[in-house]
Structure formats: C-alpha cells, structure tokens
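These are my notebook entries on one protein model. I record what I looked up, entry by entry.

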Amino acid sequence: MRIDFLTIFPELIESFLRCSLIGKARETGLIFSKAWNIRDFADGSQRRIDDTPYGGGAGMVMMAEPIMQSIEAVRRIEPQSTVVCLSPTGDVFNQAVALELSQLSSVTFLCGRYEGIDERVLKLGVNRKISIGDYILCGGEVASMVIAEAMVRLLPGVLGNDQSIHTESFQKSEEGSLFLEAPQYTKPSMWRGHSVPEVLLTGDHGKIAAWRKEKSLELTRTVRPDLLQPEDSF
Ligand SMILES: C[S@@+](CC[C@H](N)C(=O)[O-])C[C@H]1O[C@@H](n2cnc3c(N)ncnc32)[C@H](O)[C@@H]1O
C-alpha cells in the first residue's frame, strides 16, 4: 500500500513515519509512504499558500492551486489514489472506515490548516472528507496520523499476531454488534493486593472464552450501549 501526505508540516509526519509499527512496515516494504510539502507547489519567493476569505471573516484560507498541484504530483505516480481531505465537516472516522481504507492500494491525505481549504479544490481533487471527531484541531496532520495508524495495523503482516485484530474492540459480531474488549491482565498474578480473576489462571480455554465474552458484553452495555443491537442490550 502507498500512503501520501500533503501538508505544510512534513516534518511532523516524517517523525511519525519513522516510528513504531508504521516505521517497521516501511522498512519491510509492506507500505511506501511520503510526506509532500504543499509549499513546494506555491509560486513566488514567499511560497504563499493562504489568503484572506472571500466574504470576510476571521483567519486565512488555503489556496486551491498549490493544493491541486500537490494532488496532481501524487496522481502522476498513482493515478487512482484516493484523496482523503481531513475535515471536521467529513464523515466521522471509525474502525469500519479504517478497514475500508486499508483495502485500497493508495491513499493520499490532504491536511488542512488555518480556517480550512478553498472549497473548489475539494470538489475537483478530493474523493472524500473524513473527520476524526466532533472537535476542532489546528490542522489535519494529527488526524491523518490517527487514520493512517488505524489503517496500517489492519494490513496483513503488520502486527506480530494478525489474530489480535479479530479479538479487539470494535470488531463486528455475526449479529452486527460491536463489542469492547474484555479487561486484560499480565504478570504478576497478585499486584498491590489486587489479584487477577481466578478463571484466567485455570488454563481452561472454554471457560476463559466465556468469561471474556461476558465481560466484553458487560463493559459494552455500561460504556457504549449504542454499539449493541437491541437483542444484546438487555
Ligand atoms: C482550524 S481547522 C478548520 C476548521 C474549520 N474552520 C471549521 O470550522 O470546520 C484547520 C484544519 O484542521 C483539520 N481538522 C480540524 N479538526 C478536525 C477534525 N475533527 N477532523 C479532521 N480534521 C480536522 C482540517 O484539515 C482543517 O482544515
């Protein structure tokens, strides 16, 4: 999979790309990734990429042309790349969207700054807009990293144990419910007067699976009842 980032702060993205699972996935060739500086596509000695909003109002708006040129630069390499603009006005991101994006061969993240981006380039060059939640960040970089990390860990071979994907929170059950994962414990079995639930020490895989299912349902009912189907919720 190829992942490109269009940003005015490539250094933010580059440090992210060097670390952790993403760094390893790049080293082993599971992904190819690059951060492009939108300013490199701007004219003049100032390399200006923003201007005042038509109609007045606070702040500055990112200009269409440097952004369109940066999209075109990626599309010369990957004509079919899906361009995702990070925006509070987009579809809200979740695990299902992460799965959908992880199945594409090329994704390009367009990271906004200031008050946002000239709407015309969104119409002409962007395939979809995604929000990471109902709050306002200073820029799309952190949002793009959230999405890239959620996507990349779903790619076969990225996690040490691919099986863990199927037991994590937000995996859909056959009935269509999403469940939060049951609590996890590690050694020592007694820590500061608190012991691990007895069943986890029995080695009985059937009982452990049943306990985990029960705890997962209990937790989901308490914290996120909205994830359950009506038949699971009481
Ligand atoms: C200060 S925000 C602009 C907010 C915009 N004026 C509005 O009210 O919708 C600057 C940039 O941060 C990014 N951003 C901010 N909040 C976001 C969110 N919740 N999800 C995704 N991107 C976000 C977008 O790329 C946006 O263009």
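Predicted model: local features only at pLDDT ≥ 70, side-chain atom pairs only at ≥ 80, totals over all residues.

I took helices (H or I, at least four residues) and strands (E, at least two) as DSSP runs, numbered from the N terminus. Residues are numbered from 1 along each chain as its sequence is written, and side-chain values use heavy atoms, with hydrogens and water left out.

Entry 1, the largest pocket. I worked on a 1 Å grid over the protein atoms alone, where a pocket is an open set of points that has protein on both sides within 12 Å along at least five of seven lines, and where lining residues have an atom within 4 Å of a point. I found that helix H7 (164–167), strand S8 (171–172) and helix H8 (205–223) each supply at least two residues of the lining. H8 gives the most, with 7 residues. The lining has 22 residues, and Thr-167, Phe-179, Arg-212, Lys-213 and Ser-216 lie nearest the centre of the pocket.

I counted a residue as buried under 20% relative accessible area, as exposed over 50%, and as partly exposed in between (1.4 Å probe, protein chains only). Which residues of helix H4 (residues 95–102) are buried? I noted Val-97, Ala-98, Leu-101 and Ser-102. They lie on the same side of H4, because they cover an arc of only 135° around the axis, taken from the directions from the helix axis to the C-beta atoms. An α-helix has 3.6 residues a turn, so residues three or four places apart point the same way. The buried residues of H4 pack against strand S5 (82–92), strand S6 (106–110), strand S7 (128–131) and helix H6 (141–152). At the start of H4, I found a side-chain oxygen of Asn-94 within 3.1 Å of the backbone nitrogen of Ala-96.

Is Asp-118 buried or exposed? Asp-118 counts as buried because its relative accessibility is 18%. Beyond its neighbours within four places in sequence, Asp-118 is in contact (heavy atoms within 4.5 Å) with Val-61, Met-62, Met-63 and Ala-64. Tyr-114 is in the loop between S6 and H5 as well, and has a positive phi of about 55° although it is not a glycine.

I noted that the peptide bond from Lys-187 to Pro-188 is cis, with omega near 5°.

Note on methods:
Polar contact = N/O pair within 3.5 Å; in protein donor to acceptor, adjacent residues only side chain to side chain. 1 Å grid on protein atoms, 1.4 Å probe; cavity = no way out; pocket = protein on both sides within 12 Å on 5 of 7 lines; lining within 4 Å.
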